[in-house]
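Open the structure in your viewer and keep the selection tool ready. We will go stop by stop.

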Amino acid sequence: MNVLPILLGVVGLLFPFLVVGVIVAAMRRPGAGVDAGTVIRWFVVYGFTFGLMVVVAQGISDLLGLFLPGGRVLGRAGAADVAGAVSFTLVGTPALWGMWRHVSSRVRTDPAERSSLGWGAFLTVAEWVFLLVGFAALGRGIIGLLGADGSAAPHLVDGLVWGAGWGWLHFSVRPQLPPHPQVNALAGSGGALVGLVAWTVAGISLVSLIADLAYAALVGSPMVGDGFASRRLVVDLVWLLLGGAVWIWYWLVRRPEAGPIRSIYTVAVAVLGGAVTTLTAVAVTLYTVLTWVFGTAGTGAATHFRTLADTVPVALIGAIVWRLHWQEPLGPEGVRARRYLLAGIALVAAATGLGVVVSALLSTLEPPLAGRGSVEVFLAGVTALVVAGPVWLNQWAPVATVGPDDTAARSRRIYLTLLAGVGGLVGLVTLIVLVFRLTEALVEGTSNLIGQLRGPVGVLTATLAVASYHLVLWRRERPAEAARPRRISLVLVAAEPGAIAGELESRFDVDLVAYRLDDAEPVDPARVVEAVERDGGDDLLVVARPEEVQVFHLRR
Amino acid sequence: MRDRTLQLLVGGTLLLVVVSGVVVATRRQPVEFDPGSPEGTVQEFVEAVLEGDVDRAEELATQPLCDFGFDPFVREDFQISLIDSEIRGDRAEVRVLITTFGGESPFERYESSYEDRFLLVRVDGDWKVDSSPWPFGLCPEENTP
């Protein structure tokens with residue numbers, strides 16, 4: 001089995017989560033600075049352990065493959081395959097055993113190491129990789145077993161070995177040596193994503209197969225042979241069930257811990273996975289219908305509507321993913337982020353449509369010699385507007401005019417700044433293109449000025465509309481920023497600085513360094529906030545103990 | 001939706017769409033050129049290719065059409081505009097701007113334009129297309145499949 005492409009795929013798939021996880025973990029642990037030596041130790045110890053795990057899993061699965069009836073080794077493989085399997089297992093297993101004794105005893109006895117980024121990242125990546133490789137192999141094994149595609153035994157062996165590795169990490173290591181809760185949430189969300197992606201792809205393929213068969217029956221010419229259809233049915237069903245099982249286990253049964261990671265995952269999947277996929281498929285479907293109704297289609301109905309067999313399944317499955325994740329409970333900031341993200345994407349899509357409509361309008365100034373371009377350009381623009389416009393209005397209209405609480409919200413400021421700023425920038429670049437083409441046309445004396453200019457004019461119109469509207473709002477809401485929380489720099493010493501830090505960050509614009517106070521009882525965070533508020537200083541040292549919250553002024 | 005700016009934005013967009021729709025619908029017909037002129041011949045040739053009427057297209061050309069020369073591309077939306085034309089004795093050149101439109105979905109439309117020319121020769125008093133730009137490929141007799 002070639003593991004490398006799968007590993008690369010995993011890294012690619014999970015890279016954004018990894019980055020988010022590292023940032024969130026770093027942000028949520030104020031004062032917990034990590035020196036370079038520790039990072040290098042993590043890298044060596046955990047990287048080495050992970051490498052050994054892969055070597056052992058590969059070795060054992062190859063070794064078992066030797067004994068398969070009709071298997072790869074007894075049948076055809078040469079000495080190199082046998083030697084590879086034996087050396088991987090013989091060397092890897094004792095090395096992993098020794099390494100694991102060292103790692104697990106350190107993690108067990110040192111709570112700081114257990115909640116560290118190194119352990120969390122190792123456990124998360126290892127569980128993801130074993131899940132994905134085991135899942136992929138098991139699926140292919142079952143498909144082979146059912147006689148739909150490929151051979152069964154080698155994949156089943158791989159699936160069982162890697163699956164056993166995943167089970168050990170998931171059911172034994174993780175509960176016994178639990179990492180930081182947010183790292184747990186990252187692993188849980190990643191597992192759910194693996195299941196969801198498999199379920200979604202298989203679901204789309206399955207519905208599309210049904211649509212293909214219906215289409216073939218309708219048109220009267222079988223486009224797919226019976227054997228092909230039943231094989232595809234088996235393949236889709238296997239992935240649908242396996243993916244669904246993994247998703248249900250991670251998302252519904254185990255449930256990732258509530259917090260920023262789960263919120264980011266939920267919003268990203270609901271908006272980027274569900275909404276964008278659904279709206280794009282709906283737009284293509286509508287465009288296909290419109291071009292038929294307005295008579296610009298150059299082919300018969302059967303050929304013209306062929307695309308619907310692809311777009312309708314995507315819209316259907318996308319809508320299910322959208323709805324499933326849209327219903328997830330989120331905090332107020334999560335709901336806001338979701339609203340602005342969807343509104344922003346829908347607005348950009350609608351603005352594209354507006355630009356295309358303007359371009360189509362201008363194209364009529366110079367009737368063509370031949371071709372049916374301008375009507376289709378117009379219909380494409382209208383489709384984008386009709387599909388994305390209402391989504392934008394639905395998300396944006398309730399918050400178009402809001403109170404000071406909302407105008408100070410970070411997600412709204414980012415939204416307005418991005419749309420006003422990036423819109424302005426795009427407008428400027430388009431203006432440069434426009435003037436460039438105009439000058440070029442005037443110097444060269446081309447007779448097709450409108451053809452050259454209508455594209456940039458369309459983009460410019462749309463970006464100006466978007467940027468100026470948001471610039472007006474941005475300026476109108478700026479005074480609210482003056483009422484922003486006080487900015488302070490603070491050194492906190494407390495028994496449980498985490499909870500107090502969270503409370504302080506929600507009340508002040510605070511630059512915080514926290515130290516844990518040993519052998520002391522926790523203090524109610526509200527008392528610390530009250531003491532800082534009463535003091536009024538900008539550079540503070542706060543020592544919080546149950547008997548007294550002391551505030552000292554510092555000088556730089 | 002009490003925000004006036006928002007109402008203006010939405011209203012303006014709707015108005016623009018309606019006006020554009022009316023204009024595009026009423027002015028969708030290409031200009032008709034004199035069938036006896038080089039421009040008219042090019043127009044008729046391109047329309048024949050678009051409709052898949054190979055016989056008619058070949059009647060208007062000096063050589064056979066290569067099927068593969070245009071078949072994959074006519075499904076893409078495109079438009080041809082006249083830039084200018086010039087007649088030199090029994091030869092003529094019609095310069096055009098070819099714009100192709102495409103995109104996976106209505107959200108990601110693209111278009112690209114390029115200038116090219118049709119070369120025509122006069123045969124027995126009628127203009128015939130002798131060389132045509134991509135994607136309306138003509139091909140030499142020996143290469144015809």
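**Stop 1: a loop in chain A**

Select A:Arg255, which is found in the loop between α9 (226-254) and α10 of chain A. Helices (H or I, at least four residues) and strands (E, at least two) are DSSP runs, numbered from the N terminus. This is a predicted model: local features need pLDDT of at least 70, side-chain atom pairs count only at pLDDT 80 or more, and totals for chains, interfaces and linings use all residues. Residues are numbered from 1 along each chain as its sequence is written, while chains are lettered from A and ligands numbered from 1 in the order in which they are written.

Is A:Arg255 buried or exposed? A:Arg255 is exposed, with 12 other C-beta atoms within 10 Å. A residue is buried if 20 or more other C-beta atoms lie within 10 Å of its own, exposed if 12 or fewer, and partly exposed in between; C-beta atoms are placed from the backbone. Now check the backbone. Phi of A:Arg255 is near 55°, a positive value in a residue other than glycine. Most residues other than glycine have a negative phi.

**Stop 2: a loop in chain B**

Jump to B:Asp124, in the loop between β3 (110-123) and β4 of chain B. Phi is positive here too: near 50° for B:Asp124, again a residue other than glycine. B:Asp124 is exposed, and 5 other C-beta atoms lie within 10 Å of its own.

**Stop 3**

Select chain B. Four helices and four strands make up its elements. Along the sequence the pattern is α-α-α-α-β-β-β-β. Chain B has 145 residues, and 29% of them count as buried.

The mean for chain B is 79, and 82% of its residues reach 70 or more. Where is confidence lowest in chain B? Go to helix α4 (residues 67-70) of chain B, with a mean of 48. Strand β4 (residues 126-131) of chain B has the highest confidence, at 90. Next, select residues 68-75 of chain B, where the pLDDT is below 50. Beyond near neighbours in sequence, this stretch has nine contacts in the model. Two residues are in contact if their C-beta atoms, placed from the backbone, lie within 7 Å. The model as a whole scores ipTM 0.76 and pTM 0.75.

**Stop 4: where the chains touch**

Show both chains. On chain A, 42 residues are in contact with 41 residues of chain B. Several elements give two or more residues to the side of chain A that touches chain B, including α10 (260-293), α13 (332-363) and α17 (449-477) of chain A. The largest share, 11 residues, comes from α14(A). By class, this side of chain A has 25 nonpolar, 14 polar and three charged residues. Ala, Val, Leu, Ile, Met, Phe, Trp, Tyr, Cys and Pro count as nonpolar, Asp, Glu, Lys and Arg as charged, and the others, Gly among them, as polar.

Zoom in on A:Val357. Its contacts include A:Phe378 and A:Leu385 in chain A, and B:Leu16, B:Val17 and B:Ser20 in chain B.

**Stop 5: the largest core**

A nonpolar core is a set of buried Ala, Val, Leu, Ile, Met, Phe, Trp, Tyr and Cys residues joined through C-beta atoms within 7 Å. The largest one has 143 residues. Those that touch the most other members are A:Ala346, A:Ala350, A:Val357, A:Ala384, A:Ala388 and B:Phe45. α13(A) gives the most to this core, with 18 residues. Domain 1 (3-261) and domain 2 (331-482) of chain A both give residues to this core, so it lies between them. The domain bounds come from an automatic or database domain assignment.

**Stop 6: helix α18 of chain A**

Select residues 497-507 of chain A, helix α18. Which of its residues are buried? They are A:Pro497, A:Ile500, A:Ala501 and A:Leu504. These cover an arc of only 100° around the axis, which puts them on the same side of α18(A). The arc is that of the directions from the helix axis to the C-beta atoms. The buried residues pack against β2 (487-494), β3 (509-516), α19 (525-535) and β4 (539-545) of chain A. Turn to the face away from the buried side to find the exposed residues A:Gly502 and A:Ser506.

Notes
pLDDT = per-residue confidence, 0-100. Lists of a residue's contacts leave out its neighbours within four places in sequence.
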